[in-house]
Amino acid sequence: MIMLPFSDDELNEPVEAVLDKLRPSIMLDGGNITLIKIENGKVYVRLEGACKGCPSSNLTLKNGVERQLRLDIHPDLEVISIN
């Protein structure tokens, strides 16, 4: 388990801020992203709309959302998609 310098609760606000920053791009493709929970430094999200089941959705999560969370908040954060 990764030890992050902050609690899961402390991550809520910064993670939502990053998602808010990325949301307009996701919405341009007819989708959306919702934060479900943060647990042990893992950010659980749900892709919605056109993004749900899209072949590129994993790329969006890893190269878009996870990359931005790691850049803006902490390099050990991981994004997990919940369907």
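**The hairpin and its surroundings**

Let's start with a facing pair: Ile38 stands opposite Val43, which belongs to strand S2. Before going on, a word on the source: this is a predicted model, where local features need pLDDT of at least 70 and side-chain atom pairs count only at pLDDT 80 or more, while totals for chains, interfaces and linings use all residues. Residues are numbered from 1 along each chain as its sequence is written, and side-chain values use heavy atoms, with hydrogens and water left out.

Now the hairpin itself. S1 covers residues 31-39 and S2 covers residues 42-49; the two pair in the antiparallel sense over eight bridges. Strands here are DSSP runs of E with at least two residues, helices are runs of H or I with at least four, and both are numbered from the N terminus. Two strands pair if DSSP finds at least two bridges between them. Another facing pair is Gly31 with Gly49 in S2. Two residues sit between the strands of this hairpin, and Asn40 takes a positive phi near 50° there.

Have a look at Tyr44, which lies in strand S2. Tyr44 counts as buried because its relative accessibility is 15%; buried means under 20% relative accessible area, exposed over 50%, and partly exposed in between, using a 1.4 Å probe and protein chains only. Beyond its neighbours within four places in sequence, Tyr44 is in contact with residues including Thr34, Leu35, Lys37 and Ile80, where contact means heavy atoms within 4.5 Å. The charged end of Lys37 sits over the ring of Tyr44, 4.9 Å from its centre. That label needs NZ of Lys or CZ of Arg within 6 Å of the ring centre and within 35 degrees of the ring normal.

Step back to the sheet: three strands make an open sheet in the order S1-S2-S3, with mixed pairing. S1 and S3 (78-81) are at the edges with a single partner strand each, so one side of each has no neighbour in the sheet. From one strand to the next, the twist averages 35°.

Finally, the helices. H1 (residues 8-28) lies across S1 and S2, running at about 170° to S1, while H2 (residues 57-72) lies across S1, S2 and S3, at about 150° to S3. Axes are lines fitted to C-alpha atoms, for helices over the stretch in contact, and angles run from 0 to 180 degrees between N-to-C directions.
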